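Welcome! Please take a moment to look over the sequence and the model below before reading on.

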Amino acid sequence: QVQLVESGGGLVQPGGSLRLSCAASGNIFRIDAMGWYRQAPGKQRELVAVTSSGGSTMFGDSGKGRFTNSRDNAKKMVYLQMNSLKPEDATVYYCNAGGILRGGLRFDYWGQGTQITVYS
């Protein structure tokens, strides 16, 4: 009932920047929280940054000081601007959105993931 489509992943050199985008669509009444997680092979999925509908952002340790998460509520989109990328940032990033469907049920959906590769 909700689709999240990510874009913007790819190759970047250490110290470079990338911007990820995620577009939500479907039977959505309201998106409460929208943001990004990442998961390296063999590790648990971890918070990168998530932003509330009011614009407050919570960062995981990986994103503090280098990443910015912003939302366009009208377009149902979220953007992760990643600066000063490091080799350890290379992994799969997942968009996540939670909120209310038309009809009143809560939802929590994940995108398919987008790969970031940091190479020298």
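Predicted model: local features only at pLDDT ≥ 70, side-chain atom pairs only at ≥ 80, totals over all residues.

Residues are numbered from 1 along each chain as its sequence is written, and side-chain values use heavy atoms, with hydrogens and water left out.

**The whole chain**

The protein chain has zero helices and eleven strands; helices (H or I, at least four residues) and strands (E, at least two) are DSSP runs, numbered from the N terminus. With a radius of gyration of 14 Å, close to the 14 Å that the globule rule gives for 120 residues, the protein chain is as compact as a globular protein of that length. That radius is taken over C-alpha atoms, and the rule is 2.2 Å times the number of residues to the power 0.38. Along the principal axes, the C-alpha atoms fill a box of roughly 50 × 25 × 20 Å. Of the 120 residues, 43% count as buried, where buried means under 20% relative accessible area, exposed over 50%, and partly exposed in between (1.4 Å probe, protein chains only).

Strand 8 covers residues 77–82, and five of its six residues are buried. Two strands pair if DSSP finds at least two bridges between them, and the table shows two such pairings of strand 8.

| Partner of strand 8 | Sense | Bridges |
|---|---|---|
| Strand 3 (residues 18–26) | antiparallel | six bridges |
| Strand 7 (residues 67–72) | antiparallel | six bridges |

Strand 7 and strand 8 form a hairpin with four residues between the strands, where Lys-76 takes a positive phi near 60°.

**Asp-89 in the following loop**

Further along, Asp-89 lies in the loop between strand 8 and strand 9 (92–101). Is Asp-89 buried or exposed? Asp-89 is buried, with a relative accessible area of 0%. Its side chain makes a polar contact with the side chain of Arg-38 at 2.9 Å. A polar contact is a pair of N or O atoms within 3.5 Å; within protein, one must be able to donate a hydrogen and the other to accept it, and residues adjacent in sequence count only if both atoms are side-chain atoms. Not counting residues up to four places away in sequence, Asp-89 touches Arg-38, Arg-66, Phe-67, Ser-84 and Ile-116, with contact meaning heavy atoms within 4.5 Å.
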